[in-house]
Amino acid sequence: MGMALANNNAQFRQAALRQVRSQRVASALAVCTGLCMTALVYAPVLWLGVLSVSGDPLGGFPGDFTWRWYRALFAQVAWLAPLLLSVRIALLVAVLCMAGATLAGRVLPRMRRTRRLLLACFLLPLAIPGMVIGLNVFIFYRVFGGLRMGLWSLVLVHLVGAFPFALLGLMVVSLRFETSLLEAAADLGAGPWRRFWDIERPLLMPGIVTAGMFGFLLSLTELPRSLFVAGHLRTLPLYIWAEASSRASHLPLIYCLNTMLAVVSTAISVTAVLALRARLRH
Amino acid sequence: MRDPETMHPPTSPPALRIAGLEHRYGTMPVLDNVSLDVRAGEFLTILGPSGSGKTTMLRVIGGFETPTRVDCLSIGGIDVRGLPANLRDVATVFQHYALFPHMSVGRNVEYGLKMRGLPPAARRAGAERALALVRLAERYNGKVQHLSGGERQRVALARSLATQPQILLLDEPMSALDEKLRREMQTEIRALQQKLCASFIQVTHSQDEALAMSDRIAVMNKGRIEQLGTPSDIFVRPATRFVAAFMGMSNLLRGTITGIEEACVRIACGAASFLGVWTGPAAPYMGQAVFAGIHPIHMKIAPPGVASNTGNTITGKPGSATYRGGTTELCLASPLGDLIVAIQGIWQGAETPVALTWNWQDCAIGPDAAE
């Protein structure tokens, strides 16, 4: 083998060169894919932003730049109540996601036989279309559980939709958690609560925050599950949906509102990630 | 730090008392009726191959495993059966140290004192004392991630010692260290234990570590303690074939007893006959099937033409030689099978047969396990 390699030195070099080249191509492909995905997502957002400050946004082409639509948006406050309601629901869902994902996600990796089954149960809602879940809650819990359609029914369906993501976000962290750390803490005299608070909570914090962010953002923009269970309430997506579909004259305002939503939710996500990284590095 | 006389008066209870300990995973016995006393201030090593139950034993003492049955389990005279780990006055140095990655070195070491409700100033003082013991006082504010392997181990030691536990448990403490560091830490941990007059129980599969560090060694096999004794006892006077093999007696022969004297026994081994020291737990009897074990370092190649007067002589034909640094292990084909002799330096002899000899005091004879 060694002899063969030495004899075919030129061939060997060419093969090595080919390998290096193919690795470069793979890296370039990865970078391209990333850029394309980013462009696909953000180009429309940028376009929306540009249109929202255009004189005739419904014409489809930017120009005649103006703050007119933003002024009109802030002149009327019909969207404020839906926004506050959505934020309220999103906060509730975020808290429930953090608590639930922590409770389930910290023990799932330690279970042996039941782990797969339980995880499948937790993730199954992903396979059910959102609208179906909304409808199910409407026809089942309203009738048999006496659940009134309103804030809590919205929280419930949003939670059902967001929890699998929250749980996965937490398990990314908890699967790598070293249980020997808990034994060490017990060994040094820490009871169950202190073990959780001093060791698990800080080390799982990136996962807990991820779970909360999934809950918050997925709830904030949730439409299909909300359709049946909102009762007389109007969340922001429901409001935008209704306005956009019924009143063409309000459409420019919707552009502004959506632009603001995109900016704010991106800002929240980036801040959370940065804060988390700073904490982890600390 | 502590005065041995006041710490451990002669009447003080043993640091650890275990009697009738049994543990099973399902139907598979892991610990089989184990009993063990550890004196206060003693360094005891539980030595055995993987799967012998030694780690389970340590976990039972630490409170991480609830045994299937135990008649007595007391630490410092206190019955700890049923007590969880956080209520037992023991501390463990874990195999991979299990330092808390999100806390500084100092806060790691303080943690046990914090759990005991000490105020911050006292905690800090205690942690600094413990860090000074392992010569890492200046790393109080350091990050765990920035420590080297040896430093991590010393921090883990300091963290466990900070609470001044009745017993310190060490679970394969050297397994993650390189050879040089391992030797240094052996000396350091032993010195620390003697300085503190503390009771240490170490689990290891390395006979080197066991011999170098311990007051007594408990050799475990298949969930039982095969032999309990001082390092030299275990090394030179193994009571069973398993202990002999595990302690490196590569020359293991089978034979039957043909003579019993006060100090020694004579055995017949094939056509040969020789003397050795009886090491078995029960008295020997004529015709008993026995093993005979001799360490390679206790065998010598007799100079040509000089007949050995020890009586323990056999001829062998030199075969393969393995260089071990200080010694060379030479394999010889003898009428009793392959024998291994450790010689000084490098083997440069021919392949002509030579005479092997050994002192009868260095030959351990005990009951054969097959019996």
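Which residue lies over the face of Phe138(A), and at what distance from the ring centre? I found Arg142(A) there, at 4.2 Å from the ring centre. The rule I used puts a charge over a ring if NZ of Lys or CZ of Arg is within 6 Å of the ring centre and within 35 degrees of the ring normal.

A note on the ground rules: this is a predicted model, where local features need pLDDT of at least 70, side-chain atom pairs count only at pLDDT 80 or more, and totals for chains, interfaces and linings use all residues. Residues are numbered from 1 along each chain as its sequence is written, chains are lettered from A and ligands numbered from 1 in the order in which they are written, and side-chain values use heavy atoms, with hydrogens and water left out.

**Aromatic pairs**

I took rings of Phe, Tyr and Trp (its six-membered ring) as paired if their centres lie within 6.5 Å, with planes under 30 degrees apart called stacked, over 60 edge-to-face and the rest tilted. The count by this rule is 14 aromatic pairs over all chains. One of them joins Trp67(A) and Tyr70(A): the ring centres are 5.5 Å apart and the planes stand at 65°, so I logged the pair as edge-to-face.

I then checked accessibility (buried is under 20% relative accessible area, exposed over 50%, partly exposed in between; 1.4 Å probe, protein chains only). Trp67(A) counts as exposed at 57%, while Tyr70(A) is buried at 12%.

Next I turned to Phe100(B) and Tyr111(B), an edge-to-face pair with 5.2 Å centre to centre and 70° between the planes. Both Phe100(B) and Tyr111(B) are buried. I also saw the charged end of Arg159(B) over the ring of Phe100(B), 4.6 Å from its centre.

**Domains of chain B**

The domain assignment (bounds from an automatic or database source) gives domain 1 (16-236) and domain 2 (241-367). Their centres, taken over C-alpha atoms, are 37 Å apart.

How many residues of domain 1 of chain B are in contact with domain 2 of chain B? I got 14 residues of domain 1 against 10 of domain 2, with contact meaning heavy atoms within 4.5 Å.
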